[in-house]
Amino acid sequence: DIHWFWSLVFVLYVAFTYFALLNVVTGVFCQTAIENARKDQDEVVAVQAAAENGYIKQLSELFRDVDDDNSGELTLDEFEQMAQDERLIKYCASLEISLDDIWSLFKL
């Protein structure tokens, strides 16, 4: 026969060990989730940077196509011609930029 005191000590030992193990498992799970969230943020930043570079490349190509005298600068006539270009209108619409915004940019 086992004394009731030793039975209580054993039950408390098992309960303490059980909760300690659960705490470790929860900590590992949380740490993994935090690391994965950080990686996702880095991927989002990389995708946005790549998209921005693509936008810059497409706009630069459009500006070079419109630059008739290959001076590297757009004159008012060239800019007006570009404002009529269907590619620019569609491209700006996809970026949610109005033609008024483009004119404001040119006036700067």
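How many helices and how many strands does the secondary structure of this protein come to? The answer is 4 helices and 0 strands. Before I continue, please note that this is a predicted model. Along the sequence, the elements follow the pattern α-α-α-α.

Let me turn to the overall dimensions. The radius of gyration is 32 Å, whereas the globule rule gives 13 Å for 108 residues; the former is well over the latter, so the protein is more spread out than a compact globule. Taken along the principal axes, the box filled by the C-alpha atoms is roughly 105 × 25 × 25 Å. As for burial, 11% of the 108 residues count as buried. Among contacts with a separation of 6 or more, 35% come from residues 24 or more positions apart.

I now come to one pair of helices. Two packed helices are described by the angle between their axes and the distance between the axes. Here the pair is helix α2, residues 76-83, and helix α4, residues 99-107. Their axes come within 12 Å and cross at roughly 165 degrees. Angles over 145 degrees count as roughly antiparallel, and α2 and α4 are therefore roughly antiparallel to each other. The crossing in which α2 passes α4 is right-handed.

Which residues of the two helices meet? On the α2 side they are L76, F79, E80 and A83; on the α4 side they are L99, I102, W103 and F106. By class, this contact of α2 with α4 has 7 nonpolar residues, 1 charged residue and no polar ones.

That concludes my remarks on this model.

Note on methods. Residues are numbered from 1 along each chain as its sequence is written. This is a predicted model: local features need pLDDT of at least 70, side-chain atom pairs count only at pLDDT 80 or more; totals for chains, interfaces and linings use all residues. Side-chain values use heavy atoms; hydrogens and water are left out. Axes are lines fitted to C-alpha atoms, for helices over the stretch in contact, and angles run from 0 to 180 degrees between N-to-C directions. Angles under 35 degrees count as roughly parallel, over 145 as roughly antiparallel, 65 to 115 as roughly perpendicular and the rest as oblique. A crossing is left-handed if the near helix is turned anticlockwise from the far one by less than a right angle, and right-handed if clockwise. Contact means heavy atoms within 4.5 Å. Ala, Val, Leu, Ile, Met, Phe, Trp, Tyr, Cys and Pro count as nonpolar, Asp, Glu, Lys and Arg as charged, and the others, Gly among them, as polar. The radius of gyration is taken over C-alpha atoms; the globule rule is 2.2 Å times the number of residues to the power 0.38. Buried means under 20% relative accessible area, exposed over 50%, partly exposed in between (1.4 Å probe, protein chains only).
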